[in-house]
Amino acid sequence: MTKNLVIVESPAKAKTIEKFLGKEFTVKSSFGHIRDLPGKNISIDIENNFKPDYVIPSDKKKLVAELKKMAKEAEMVWLASDEDREGEAISWHLLEALGLKEEKTKRIVFHEITKTAITKAIENPRKIDTNLVDAQQARRVLDRLVGYELSPVLWKKVRPSLSAGRVQSVAVRLIVEREREIEKFTFESAYKVVAQFQTNDGATIKAELPNRFKTKQEAETFLNNCKNAQFSIEDLETKPSKRSPAAPFTTSTLQQEASRKLGFSVAQTMSVAQKLYESGKITYMRTDSVNLSNDAIGAAKKEITTSYGEAFSQVRKFTTKSKGAQEAHEAIRPTYMNVHSVSGDSAQTRLYDLIWKRTIASQMSDAKLEKTTITIKISTTKEKFLAKGEVLLFEGFLKVYLESNDDEAEEDKEGILPPVKINDTLVANEIAATERFSNHPPRYTEASLVKKLEELGIGRPSTYAPTISTVQKRGYIIKEDRDGGQRNYAVLTLKNNELKQQTLKENFGFEKKKMFPTDIGIVVTDFLVENFGKVLDYNFTAKVEQEFDEVAEGLKKWTDMISDFYTPFHAQITDTLEHADRASGERLLGIDPTSKKPVIARIGKFGPMIQIGKTEDEEKPRFASLMSDQNLTNITLEQALTLFQFPKTLGKYENEEIVVAQGRFGPYIKYQEKFVSIPKGEEITSVTLQRAIELIKEKKQADAPITHFNELPVQKGVGRFGPFIKWNNMFINVSKKYNFDNLSDADIKALIEDKLQKEKDKYIHNWESKGISVQKARWGRFTIVKGKTKIELPKDTNVEKMTLEDVEKLIASKTKTKGKKKKK
């Protein structure tokens, strides 16, 4: 019999906590929420004060029964899910679903998984905070209402299978509006003037004019004025300066810095941080507090003094500035300050290193600098050159860490200036005026989008990562690299009193891991802004977050909040369904010279497309899908008409036709029932018969067997999911432990035999004569398979005892249900 049952939400967390508790405690995991709103319908009783209809999913029923049995036998149940609203809701659902009695149930919270923290939590239990639970319910219910009522409007007015969300749609709006700012942006050029001077001692000083010239003529006039001019030191200013460290990490700043310094996506950062927390290496990772506990500050001071010396230590207390900070009471920090690094996978090691350095640096002394500014007088003009330099006198926190920023402009670093005196004369070795262009507003990265959402008060630490993942999964946003272009720029150089002009080329506009709106993302955003402006209003969305906070603080009833929102929202839904026009992002490109019919770019049932002719014409319109790198906003008439050339027969090779076509995943060549992808960056219109034959030969060579196994050929290649070998129509992934470029026969034998064994092991039953099998599926589930019919079985199904008759009955029942749905 279990004396004390501790329930947490994750098996990794359970494993770590178990180490710190004695034999009288048993730790079990609920594997996240054990109850939730089912996915098939809205599951909210609007007439009954928005009561949610929570259900226990079929794959959790066995677990719930097991926990219920253990809870009944235990003297005390300790609910130890995370300390934020989501964690509080998990504990509440456990209380309700397991039928726990309040007198033998205690709620404990901790923001780090250490023996001290766990012991302290058990000594100071509390009851479930229903205000926090209500705040989580309010978010869940409101988001369900918005999603389930808005999505059908999009199906009818834009395109089937679309969906909308309260915070996600606002995030997409930010990206769409930024893209439009960029489209309207006009580059302006100005001339930056930089001079290289020589002192009497032969040292070099680099100086710059503080103002830029708007035209080439102005720059040329200035340089001509500098011919035969005298240059001298007019002023010399030296003053002390300092730099202070950044605050410890919040969820938002960790996501931003991990993106800049490590190249992590927001979702990756949270996944790695979760593992570090659950293994007891860092404190809770969903927080908007920058505060450190007194114990943590003391531990940091001790570590800094030991590792770097007393001069490097400076105790600091930071205050939280973000709107509605509420998640946890301490910043993200290492659990133990004396642990400088951790072992594990590379991602965990690197993220921990970042967290440790940022935390330690926050408790270190200011960096002390000396800044020098030299003003250089020109005898022939009022303009003055400025030379700036700095010397680091004391490293302070810079010994450990320097925060990055999102500014993409490369700035010249200020170095050390040589010793000079006022009135010293200088020799101008060279003065150059270089044409420089203004930059359009930067596109969002995942990190800068998180920063913007936080600035606007939209979302909370627990919502940033799922929001950004969702908008990409739905196809409204795409994150990718995009090539820039080339442009000319002018350089005017004055050297030895001779002025020379050059026209050079520079690359510009390259985008790395930036977020771009898709055509469907733009059309949906425009439709929602036009018809549901309030829901997509930034201030309104932030106000909703504030209301969630008020619910969490017990200042507002969650059902009142939902009611105030829902009544006008539902009325707008009804009105939009009845009166709003369909949205397709339609754009007239021009007239087809052959048919004399209009050429239109718009969203169709299967995505962005070009249409020649109108739907009401006698002759049916012709349609063509856009290529992956084209969009409705900027496709031209010429490019649109080109799409109707395909599929196109180029000619024959070895008496077989070669056809070039545009497919769902890009342009390809079809030859002998085989498909050959056209390389990325190569235009489909530029592929000649000769080039197609080259690509076919390359494909044949790549597909040629590298060896044989059991008298069948083995091929290798690289696909969407990495390197693989193909044998007997079976694709086998090749892991990093193998040298893919030099696979031995032994490697290939091991890979194939391992795959065959896995295939064999996945069958619980296999009635080959009937074409029916029961197989293992992901997450511990089981699946009945017959042809294309698949029936998922709950985890608690006793599949070993299932007979062919049992399985056939289930298949017949499934087929019958499908038939009824079709008749309806």
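**Exercise 1. Find how many bridges join strand S17 to strand S18, and describe the turn between them.**

Solution. Start with the pair itself: strand S17 (residues 587-591) and strand S18 (residues 598-604) run antiparallel and are joined by four bridges. Helices (H or I, at least four residues) and strands (E, at least two) are DSSP runs, numbered from the N terminus, and two strands pair if DSSP finds at least two bridges between them. Next, look at isoleucine 591, which stands opposite proline 598 in S18. Finally, follow the chain through the turn: S17 and S18 form a hairpin with six residues between them, and lysine 596 in that turn has a positive phi of about 65 degrees.

Before going on, note that this is a predicted model, where local features need pLDDT of at least 70 and side-chain atom pairs count only at pLDDT 80 or more, while totals for chains, interfaces and linings use all residues. Residues are numbered from 1 along each chain as its sequence is written, and side-chain values use heavy atoms, with hydrogens and water left out.

**Exercise 2. Work out the order of the four strands in the open sheet, and which strands stand at its edges.**

Solution. The order is S29-S30-S31-S32, with antiparallel pairing. Strand S29 (763-767) and strand S32 (789-793) each have a single partner strand, so one side of each lacks a neighbour in the sheet. From one strand to the next, the twist averages 15 degrees (axes are lines fitted to C-alpha atoms, for helices over the stretch in contact, and angles run from 0 to 180 degrees between N-to-C directions). Now zoom in: five bridges connect S30 (residues 772-776) with S31 (residues 782-786). Isoleucine 772 has lysine 786 in S31 as its bridge partner.

**Exercise 3. Locate the largest nonpolar core and the residues with the most contacts inside it.**

Solution. A nonpolar core is a set of buried Ala, Val, Leu, Ile, Met, Phe, Trp, Tyr and Cys residues joined through side-chain atoms within 4.5 Å; buried means under 20% relative accessible area, with a 1.4 Å probe and protein chains only. The largest one has 163 residues, and Phe110, Leu351 and Ile610 have the most contacts inside it. Helix H5 (residues 130-157) provides the largest share of this core, 11 residues. Then take leucine 351: leaving aside neighbours within four places in sequence, its contacts (heavy atoms within 4.5 Å) include Leu254, Phe264 and Val272. Apart from this core lies another, of 28 residues, among them Ala229 and Ile431.

Technical notes: Buried means under 20% relative accessible area, exposed over 50%, partly exposed in between (1.4 Å probe, protein chains only).
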